[in-house]
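Q: Hi! I'm new to this one and would like a quick tour. Could you take my questions as they come?

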Amino acid sequence: MIWRIWLLAALVLAMMLGVQWAPAAQDQEKPKGTEERNQPAKAPEAQAGQNEQGPKKRNPFTGNAEAIAQGRTIWMQSGCNGCHGMGGGGMGPSVMDDLWKFGGGDETLFKLIKGELPQQTMPAVFGKVLTEEQVWKIIAWIRSIYKGDPSQIVW
């Protein structure tokens, strides 16, 4: 238990010192029409996962109001808001739009939070502490606050 306190203290200190684990805020807002041209290359695993045949991992809590509320609570308790604010971004990118570096599908987002994607900038420690159920509930909450183009939804 004490290691969690030290980890949290180290993360807070790193944030106060300006250590960035996520792309700069300038990468978040792009003029219309430049999204494709300026999108970073997707990790090979993310591309392969999106093109594979067969069943994809789907969020079992999608549309479940109770789980969505729990996901918001977990978001706050886990410190996700420290980088992403209440979803609109900050030191970390916004999770309310359809601009996702590795792809926006449920399975990809799950792997990102769990720290399973190479080249990710989000600290993998969160995924090591959170259970699969907690991660799916966070994703359900993220989906509930989506403000992007409805035609871009991929989950």
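Predicted model: local features only at pLDDT ≥ 70, side-chain atom pairs only at ≥ 80, totals over all residues.

Q: Is cysteine 80 buried or exposed?
A: Cysteine 80 is buried, with a relative accessible area of 16%. Buried means under 20% relative accessible area, exposed over 50%, and partly exposed in between (1.4 Å probe, protein chains only).

Q: New topic: how many aromatic pairs are there?
A: Two. Rings of Phe, Tyr and Trp (its six-membered ring) pair if their centres lie within 6.5 Å; planes under 30 degrees apart count as stacked, over 60 as edge-to-face and the rest as tilted.

Q: Why is the pair of tryptophan 75 and tryptophan 141 called tilted?
A: Their planes are at 50 degrees, so the pair is tilted, and the ring centres are 5.0 Å apart. Tryptophan 75 is in helix H4 (residues 65-78) and tryptophan 141 is in helix H8 (residues 132-144), 66 residues apart. Helices (H or I, at least four residues) and strands (E, at least two) are DSSP runs, numbered from the N terminus.

Q: And what about phenylalanine 110 and tryptophan 136?
A: Those rings have their centres 4.6 Å apart and their planes at 20 degrees, so they are stacked. This pair also links distant parts of the chain, with phenylalanine 110 in helix H6 (residues 106-114) and tryptophan 136 in helix H8. Phenylalanine 110 is buried at 1% relative accessibility, and tryptophan 136 is buried at 8%.

Q: How many residues does the largest nonpolar core have?
A: It has 24 residues, and those with the most contacts inside it include Trp75 and Ile142. A nonpolar core is a set of buried Ala, Val, Leu, Ile, Met, Phe, Trp, Tyr and Cys residues joined through side-chain atoms within 4.5 Å.

Q: Which helix gives the most to this core?
A: H8, with seven residues.

Q: OK, charges now. How many salt bridges does the structure hold?
A: Three, a salt bridge being a side-chain nitrogen of Lys or Arg within 4 Å of a carboxyl oxygen of Asp or Glu. In one of them, arginine 143 joins aspartate 106, with the closest N and O atoms 2.9 Å apart. Arginine 143 lies in H8 and aspartate 106 in H6, so the pair ties together parts that are 37 residues apart in sequence. Both residues, arginine 143 and aspartate 106, are buried.

Q: What does glutamate 133 form a salt bridge with?
A: Its partner is lysine 137, and the closest N and O atoms are 3.1 Å apart. Both lie in helix H8, four residues apart, about one turn of the helix. Glutamate 133 is partly exposed, with a relative accessible area of 45%, whereas lysine 137 is buried at 10%.

Note on methods: Residues numbered from 1 in each chain as written. Heavy atoms only, no water.
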